[in-house]
Amino acid sequence: MSNNETPQKTTGLHIGKAEPGCKKNDPMLVIDHVKKTFGGLTAVDVEHLEIPKGAITALIGPNGAGKTTLFNLLTGFDSPDTGTWSFLGKSLSGIPSFKVAQMGQVRTFQLTKALSLLTVLDNMKLGAKDQAGESIWKALIPGFWKKQDKDIEVKALELLKRFKLEEKQADFAASLSGGQRKLLEMARALMTDPVLVMLDEPMAGVNPALTQSLLEHVLNLKKDGMTVLFVEHDMHMVRHIADWVVVMAEGKVVAEGPPDVVMKEQAVIDAYLGAHQDTDLGVVTGRIDTINEEKNK
Amino acid sequence: MDWGTIINNTLAGLLTPTTIAFALAALGLAMHFGFAGLLNFGIAGFMAIGAYGYAISVLTFGFPWWLGMIVGILGSIGFAILLGVPTLRLRGDYLAIVTIAAAEIARLLFLTTAFTDVTGSADGLFGYNKAGGFTDANPFPPGSYGFGPWTYNSETLWVITFGLGVLAICVWLLWALMRSPWGRVIKGIREDEDAIRALGKNVFAYKLQALIIGGVFGGMGGIIYAAFANVSPGVYVTSITFFIWTSLLLGGAATIFGPVIGAVIFWTLQAFLSNILPELSSSGILPVDGTQAATLRFVLVGIGLMLLVIYRPQGIFGDKREMTFVK
Ligand SMILES: Nc1ncnc2c1ncn2[C@@H]1O[C@H](COP(=O)(O)OP(=O)(O)OP(=O)(O)O)[C@@H](O)[C@H]1O
Ligand SMILES: [Mg+2]
């Protein structure tokens, strides 16, 4: 995979020095003083963070760094102790999760949430926004929603084809493999026509053969004009597709910058690697490279 | 043993106002549990509110029968909102605890002597069908209708016809809703409400709507029951809730006709057992006395419910994959 063409990176995202909390030219998400504690434990404590628009940003950090918690806060699935954040200039504090999603900020979950006992196609159709038939009164009269439902189905089938799931459309989502569920969840999120896609570990549990196509899907999101923020432990993927990397440790943002620069920073190495200080970061966590490395030894 | 009577009484159980009333209640539970995943253990409470709403508004406020029934329906909507607003944001099990408690509270409020003037306390209420004009609205002239085990006088026939009409409307409503995109959201919520939230749907509003619709079905069940028998607090006990659950699971929780057919099978089976068990005891086959034999059927219901949940959780009509308790 390393001999694949490197995708076109988006550059010139930040203003001034690339340091934690640095300003972006065109921020989509702006986070200020967001803090969340669980009992005595401070899970998230972000002073200032801006997520650039139209780019792929990776959020990395060791286990328990607070990445998922930050996702939950930003999408309204959890509320912070203090702090404010805004999406495209609109403050999101106190906005319930479903409204956040309606505004175009859609997320996936670290623990995949396929709707097991619905068919794959129904999973997809649920993603579509503004469905007349989802109002209880209009639901009773198919005339209100039949045509829209057909259009939604066409769109869903297109996406399923792109994600190589169209043969599974009539099966219950429960029958999908773990990796296929990840794909389904991502495809379903895209049904909402999002502007910001937040993926929590899209690669976890996905086999290397599928990784390649997932990478392409994420890159396509950017091509289609969406902004992507993803959490990932696979450094190979981060380096390959991210335009910008934000590093968290113990709830704080400890570094940010373009991938090749940030991964060499001392703060990152300290936070992330501990004992492996002299090995290249990609080797430690990037699966493929590690295997090659071992073969070469 | 008098097999003729036993078979006759059993077959009669297929179509009675009671069967229709419990089919409606089971349909309500199908909406709640089968489709929306809401654990409602207070369906007897919804029935009680419907029945008392109807009877009280006729007897105390002098409403005509149809307005009284509408009050009963509004009462069950109110009950659904009262239960739903504080609990639907919490984890599913809380709704189960709150509904079972609320149904008991409702029953005890109807039973207490504090409101005897209005509720009739332990005696319950009667005479409202006549006073409200439901009896007079009967289009069937007096006489005997039907054949064999299904022979009814004109009053029973009227309740059965009315009840079947209501049941048909409710079945249609549930079917129409569940095939729509609304139904898709409801089933999605049953699977994982956070996933549905993440797709921009107002999960709370959908759950409340489902709770209200199922509650209205339950309330209608109570009203149909009241249109035939007296309203008595002894009916709306927790064991009734479990009978309705058994009917639902028997037929298939996530189906439209399952709960209806489940209720029919359940009440027919009840009629059969309540006829055959005392016979078996009096002819010395069962080593228990008559009263014990009558209670034995409830033991059998309990065992049946357990076997059902363990070996056939999807019920008779359900798709094995769609409704299992082990996820
Ligand atoms: N609901 C909760 N209650 C208590 N503590 C929590 C809760 N959720 C998260 N935490 C704690 O907050 C910290 C951050 O957790 P979080 O899930 O955000 O980490 P993460 O960066 O996503 O880690 P991973 O890479 O393993 O997914 C952890 O120490 C975790 O134990
Ligand atoms: Mg996480």
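The structure is a predicted model, and every value below was computed from it.

Chain A contains 12 helices and 10 strands, while chain B contains 14 helices and two strands. Of the 297 residues in chain A, 51% are buried; for chain B, with its 327 residues, the buried share is 55%. The contacts say something about how each chain is folded back on itself. In chain A, 67% of the contacts with a separation of 6 or more join residues 24 or more positions apart. In chain B, 73% of the contacts between residues at least 6 apart in sequence link residues at least 24 apart.

Attention now turns to the metal site in chain A. The magnesium ion (ligand 2) is coordinated by two residues, Thr68(A) through OG1 and Gln110(A) through OE1, at 1.9 to 2.2 Å. Thr68(A) belongs to helix H1 (residues 67-74), whereas Gln110(A) sits in the loop between strand S6 (105-107) and helix H3 (120-127), so the pair ties together parts of chain A that are 42 residues apart in sequence. How open are these two positions?

Rolling a probe the size of a water molecule over the atoms shows where empty space is left. The second largest pocket has a volume of about 370 Å³. It is lined by 21 residues, and those closest to its centre are Gly76(A), Phe77(A), Pro96(A), Ser97(A) and Arg197(B). Helix H2 (97-102) of chain A, together with helix H10 (193-198) and helix H11 (203-228) of chain B, are the elements that each give two or more residues to the lining. The largest share, three residues, comes from H11(B). Sorted by class, the lining of this second largest pocket holds 11 nonpolar, five polar and five charged residues.

Two residues of chain A stand out for their backbone angles. Most residues other than glycine have a negative phi. Lys164(A), however, has a positive phi of about 55° without being a glycine. This lysine is found in the loop between helix H5 (146-162) and helix H6 (178-190) of chain A, and it is exposed, with a relative accessible area of 68%. Glu250(A) also has a positive phi, near 50°. Its place is in the loop between strand S9 (244-249) and strand S10 (252-257) of chain A, where Glu250(A) counts as exposed at 70% relative accessibility.

The loop between S9 and S10 of chain A also holds Gly251(A). Is this glycine buried or exposed? Gly251(A) is buried, with a relative accessible area of 0%. Not counting residues up to four places away in sequence, Gly251(A) touches Ala43(A), Val44(A), Asp45(A), Val46(A) and Ala65(A). By contrast, 34 Å separates the C-alpha atoms of Gly251(A) and Leu176(A), which are 75 residues apart along the chain.

Another buried position in chain A is Thr227(A), at 1% relative accessibility. This threonine lies in strand S8 (residues 227-231). Apart from neighbours within four places in sequence, its contacts include Met28(A), Pro52(A), Gly54(A) and Val195(A).

The last stop is Gly37(B), in the loop between helix H2 (17-35) and helix H3 (43-59) of chain B. Gly37(B) is partly exposed, with a relative accessible area of 34%. Leaving aside neighbours within four places in sequence, Gly37(B) is in contact with His32(B) and Arg190(B). Gly37(B) and Gly92(B) are 55 residues apart along the chain, and their C-alpha atoms are separated by 8.1 Å.

How values were computed
Residues numbered from 1 in each chain as written. Chains lettered and ligands numbered in written order. Predicted model: local features only at pLDDT ≥ 70, side-chain atom pairs only at ≥ 80, totals over all residues. Heavy atoms only, no water. 1 Å grid on protein atoms, 1.4 Å probe; cavity = no way out; pocket = protein on both sides within 12 Å on 5 of 7 lines; lining within 4 Å. Points joined across faces, edges and corners; volume = space filled by probe spheres on them. Helix = DSSP H or I, 4+ residues; strand = E, 2+ residues; numbered from the N terminus. Nonpolar A, V, L, I, M, F, W, Y, C, P; charged D, E, K, R; others polar. Donors = N, O, S within 2.8 Å, 3.2 Å for Na, K, Ca; no water. Buried < 20%, exposed > 50% of the residue type's maximum accessible area, 1.4 Å probe, protein only. Contact = heavy atoms within 4.5 Å.
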